[in-house]
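Subject: Structure handover

Hello,

Here is the structure for you to look through. My notes follow below it.

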Amino acid sequence: MPDKFAVVFECNANCGMVAAGITLPLVEVKDCWPQCSGTVRDSMTEGLFGKGRFYLLNKRGGTADLVLRNGPIYSADEADNEYSAMAISGGRIIALGKADDMEPLIDEDTGIVDLAGRCAVPGIVDSHNHLPTAGAMMHEGVLLFDAASISQLQRKVADKARKLAPGQWLRGAGWIESQFEERRMPTRWDLDDASPDNPVVLNRLFGMCVVNSRALELAGIGKDTPDPERGKIDRDEQGRPTGVLRAGARVLLQDAMPQQEETQQVKSRERYIKEAANEYVRWGITSLIDPGVDPLTMRAYQNVREAGDLPLRINMMPVWHGLRSWQDEALEGRLGHLGIYTNFGDEWLRMGALKMAIDGGLGSKTALMHEPYIDGTTSEIPLRLDSDRLQQWFTEGQSAGWSIGIHCCGDLAQDMACEAFDGVVEKLPAADVRHNIIHGYFATDKALDTMQRRNIAVSAQPGFIWIEGDIYFDVVPEEKLSDFKPLKTYSERGILVAANSDMTSNHYNPFWGIHSAVTRKTARGRVLGTSEAVDRMHALRMFTQNGAYLTFEENEKGSLELGKLADVAVLNDDFAAVGSDELRDLRVDMTIIDGEVVYRRR
């Protein structure tokens with residue numbers, strides 16, 4: 001017999017859910033899923049119990065649809081169990097064990113995946129990924145993560161501009177000045193050389209962009225243009241805009257950029273969703289959380305789902321206060337009219353937490369910190385929202401049944417959010433919510449105590465260490481960087497860490513993030529201390545099981561366990577055996593979602 005074999009029973013409360021039992025020895029009563037008060041009962045001998053009905057998960061007379069064998073299968077469950085074979089049927093895992101154990105489950109219609117020494121891991125749950133924005137860059141923009149110099153950036157922009165009609169806007173993303181040999185910001189004049197006729201806007205990894213002279217001209221931004229509220233226009237010694245627009249100054253571009261009618265916006269976002277989603281499955285990403293989703297994007301997601309074109313599972317975080325200052329007034333009173341709340345949906349498209357934001361980012365020195373930056377500057381309050389209303393908005397959200405995820409990079413911002421969460425949970429302790437701090441760069445003891453006591457998770461992006469870590473040495477004291485993204489401390493305090501990419505502020509390749517969590521190395525080879533490094537299996541769980549927890553789906557996906565959804569990534573090498581620096585070079589040979597092979601590397 002397999003080490004574990006799933007027999008699945010209908011719930012006796014007829015809630016529509018199913019639950020998996022483990023056979024031998026025979027009779028065991030288990031609680032149903034958290035959404036139901038019923039129980040299920042399993043036995044190999046007794047068959048029926050009350051209203052419950054016993055049946056194998058698969059529909060083909062006890063055989064498997066797909067079997068993986070002959071390679072390590074890393075479950076990412078709490079015990080880090082490892083197997084060498086797995087059987088899938090009806091979109092779920094029905095057996096785990098050794099290759100010989102699977103023989104009774106195989107017939108002429110069973111698909112066989114010979115791992116041949118390669119490994120299988122749970123499908124990646126990228127718990128913070130701006131998918132439609134990524135799709136827009138893939139579809140009609142330019143991604144700059146691999147530009148090692150400003151001259152390389154210019155070549156990429158020039159190549160793209162040649163493909164565009166005259167006057168068409170060129171958008172891009174994925175750069176930070178520390179990645180360039182020149183170690184400086186690109187300017188309008190750099191972009192003018194690459195694209196003199198097409199307006200260009202290139203979003204930095206966080207909080208700012210650089211545009212060319214044509215874009216400044218169309219937006220009416222000149223020497224005499226004042227800095228907008230919560231924003232800054234960088235200027236040279238003569239007072240001329242350099243092309244760098246910080247924070248709220250980016251809003252000045254809105255009226256100049258072409259605006260689509262709502263129907264066309266939805267159609268465009270559908271294209272972006274499909275483009276990015278089909279790229280992501282090539283990297284083993286089977287689920288993701290999209291933070292800050294507006295109503296038009298929700299409609300686009302649903303349209304793609306209804307058309308059968310959504311290849312992975314999506315959890316949507318509706319936009320809430322602090323993300324877009326010009327929308328805050330429109331958000332007032334919105335929750336009371338929605339009629340739904342966190343966790344509405346199904347295993348393919350589901351509503352998540354509300355997305356909020358307090359501050360900016362570390363590299364741009366807009367993270368809200370207790371201490372000044374190295375150059376003596378400080379972030380301003382309020383930066384992205386009225387902090388005096390933070391507890392009010394948290395109360396509104398939690399009272400309406402919403403979890404809340406809030407962007408906090410600086411330690412002061414995180415303290416403010418944790419204090420507000422503490423007050424709200426104290427008043428409404430029974431709420432079934434899973435609040436989380438997004439980013440959580442520098443956690444104070446006060447924040448750690450609150451997060452532990454109130455079960456507040458952290459949504460972290462270890463890949464930031466590689467992609468922008470080199471600039472941090474110019475921003476905060478070096479000794480402080482050993483505490484940056486304290487993944488180990490969070491975990492040791494019992495605070496759940498869900499790791500993710502935050503694409504387009506970081507590349508979507510999950511193995512870059514896992515490498516960063518394990519090694520804490522920057523792109524230029526510096527190490528942000530090792531005290532907060534985690535082992536690779538822990539990092540894998542952060543990118544899989546822990547992300548599923550944020551969406552109340554830890555019993556459905558995120559690890560390779562009996563009865564769970566069969567979302568699997570087959571890697572080109574052994575995840576546990578490669579060197580720590582080689583983690584970054586891992587590739588996905590096959591992605592399985594819902595028991596179906598959706599990608600196979602050729």
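**Helix packing**

Helix α1 (residues 131-140) packs against helix α5 (residues 262-280) at an angle of about 90°, and their axes are 7 Å apart. Axes here are lines fitted to C-alpha atoms, for helices over the stretch in contact, and angles run from 0 to 180 degrees between N-to-C directions. The two helices α1 and α5 are therefore roughly perpendicular (angles of 65 to 115 degrees; under 35 counts as roughly parallel, over 145 as roughly antiparallel and the rest as oblique). On the α1 side, the contact (heavy atoms within 4.5 Å) includes Leu 131, Pro 132, Met 138 and His 139. On the α5 side, Tyr 272, Ile 273, Glu 275 and Tyr 280 are among the residues involved. By type, the contact of α1 with α5 has 10 nonpolar, two polar and four charged residues. Nonpolar means Ala, Val, Leu, Ile, Met, Phe, Trp, Tyr, Cys and Pro; charged means Asp, Glu, Lys and Arg; the others, Gly among them, are polar.

**About the model**

This is a predicted model: local features need pLDDT of at least 70, side-chain atom pairs count only at pLDDT 80 or more, and totals for chains, interfaces and linings use all residues. Residues are numbered from 1 along each chain as its sequence is written, and side-chain values use heavy atoms, with hydrogens and water left out.

**Overall**

The protein has 16 helices and 28 strands. Both are DSSP runs numbered from the N terminus: helices are H or I with at least four residues, strands are E with at least two. Of its 602 residues, 60% count as buried (under 20% relative accessible area; exposed is over 50%, partly exposed in between, with a 1.4 Å probe and protein chains only). Take the contacts with a separation of 6 or more: residues 24 or more positions apart account for 71% of them. The protein exposes about 24100 Å², of which carbon and sulfur atoms supply 46%. Those areas come from the Shrake-Rupley method with a 1.4 Å probe; for residues, only the protein chains shown count as cover.

**Strands**

Start with β7 (residues 82-89). Six of its eight residues are buried, so β7 is largely enclosed by the rest of the structure. Strand β6 (residues 66-74) pairs with β7 in the antiparallel sense over six bridges. Pairing requires at least two DSSP bridges between the strands. Arg 69 has Ala 85 of β7 as its bridge partner. β7 also pairs with strand β8 (residues 92-97), again antiparallel, over five bridges. Ile 88 stands opposite Ile 93 in β8. The β7 and β8 hairpin has two residues between its strands, and Gly 90 in the turn has a positive phi of about 60°.

There is also an open, parallel sheet of four strands, ordered β11-β18-β19-β20. β11 (124-126) and β20 (349-351) are at the edges with a single partner strand each, so one side of each has no neighbour in the sheet. The twist averages 15° from one strand to the next. β18 (residues 285-293) and β19 (residues 313-318) pair over six bridges. One of the bridge pairs is Pro 291 with Met 317.

Most residues other than glycine have a negative phi, and most peptide bonds are trans. Where are the exceptions? A cis peptide bond joins Met 503 and Thr 504, with omega about 25°. Thr 504 is in the loop between β25 (497-499) and α14 (510-519). Asp 502 lies in the loop between β25 and α14 too. Asp 502 has a positive phi of about 60° and is buried, at 5% relative accessibility. Asp 594 also has a positive phi of about 60°. Asp 594 sits in the loop between β27 (588-593) and β28 (596-600) and is partly exposed, at 25%.

Best wishes
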